[in-house]
Amino acid sequence: MGRPRKFRRINFLPRADYFKPRGIPMRALGEERLEKDELEAVRLCDLEEMGMVEAAEEMQLSKSTIHRLLQSAHKKIAGAIIHGRAIRIID
């Protein structure tokens, strides 16, 4: 049994939770699942231009956890764009 997941403070909820490439039918799409904590890390570091230390404090996490969240989110977002997949934001 793994360690329980630490609380992650998220101060943002997206207006949309599904994004898909135009011109590709839903039945033909693959999907990347982006968790809300990954999205919050991207918002803080990339959009709000916070450093990882500031973002970690804001989300009440360690710097290494923020780094892992960003790595995972960037890989998923890049994969969706490059391979023409949809992005679903999940809890």
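## Strand pairing and the sheet

Two strands are taken to pair if DSSP finds at least two bridges between them, and helices (H or I, at least four residues) and strands (E, at least two) are DSSP runs, numbered from the N terminus. The structure described here is a predicted model, in which local features need pLDDT of at least 70 and side-chain atom pairs count only at pLDDT 80 or more, while totals for chains, interfaces and linings use all residues. Residues are numbered from 1 along each chain as its sequence is written, and side-chain values use heavy atoms, with hydrogens and water left out.

E1 and E3 pair in the antiparallel sense over 2 bridges, and Phe19 has Ile87 in E3 as its bridge partner. These strands belong to an open sheet of 3 strands with the order E1-E3-E2 and mixed pairing. Strand E1 (18-19) and strand E2 (31-35) stand at the edges, each with a single partner strand, so one side of each is left without a neighbour in the sheet.

## Helices across the sheet

Contact means heavy atoms within 4.5 Å; axes are lines fitted to C-alpha atoms, for helices over the stretch in contact, and angles run from 0 to 180 degrees between N-to-C directions. H1 lies across E2 and E3, running at about 75 degrees to E2, and H3 also lies across E2 and E3, where its angle to E2 is about 155 degrees.

## The nonpolar core

A nonpolar core is a set of buried Ala, Val, Leu, Ile, Met, Phe, Trp, Tyr and Cys residues joined through side-chain atoms within 4.5 Å, where buried means under 20% relative accessible area, computed with a 1.4 Å probe on protein chains only. The largest such core has 17 residues, and Met59, Ile66 and Leu70 have the most contacts inside it. Two or more residues are given to this core by each of helix H1 (36-47), helix H2 (52-59), helix H3 (63-83) and strand E3 (86-90). Not counting residues up to four places away in sequence, Leu70 touches Ala41, Val42, Cys45 and Met52.

In H2, the buried residues are Ala55, Ala56 and Met59. They cover an arc of only 100 degrees around the axis (taken from the directions from the helix axis to the C-beta atoms), which puts them on the same side of H2. These buried residues pack against H1 and H3. Just after H2, Gln60 takes a positive phi of about 60 degrees.

## Arg43

Arg43 lies in helix H1 and is buried, with a relative accessible area of 16%. Leaving aside neighbours within four places in sequence, Arg43 is in contact with Asn11, Phe12 and Glu48.

Terms used
Buried < 20%, exposed > 50% of the residue type's maximum accessible area, 1.4 Å probe, protein only.
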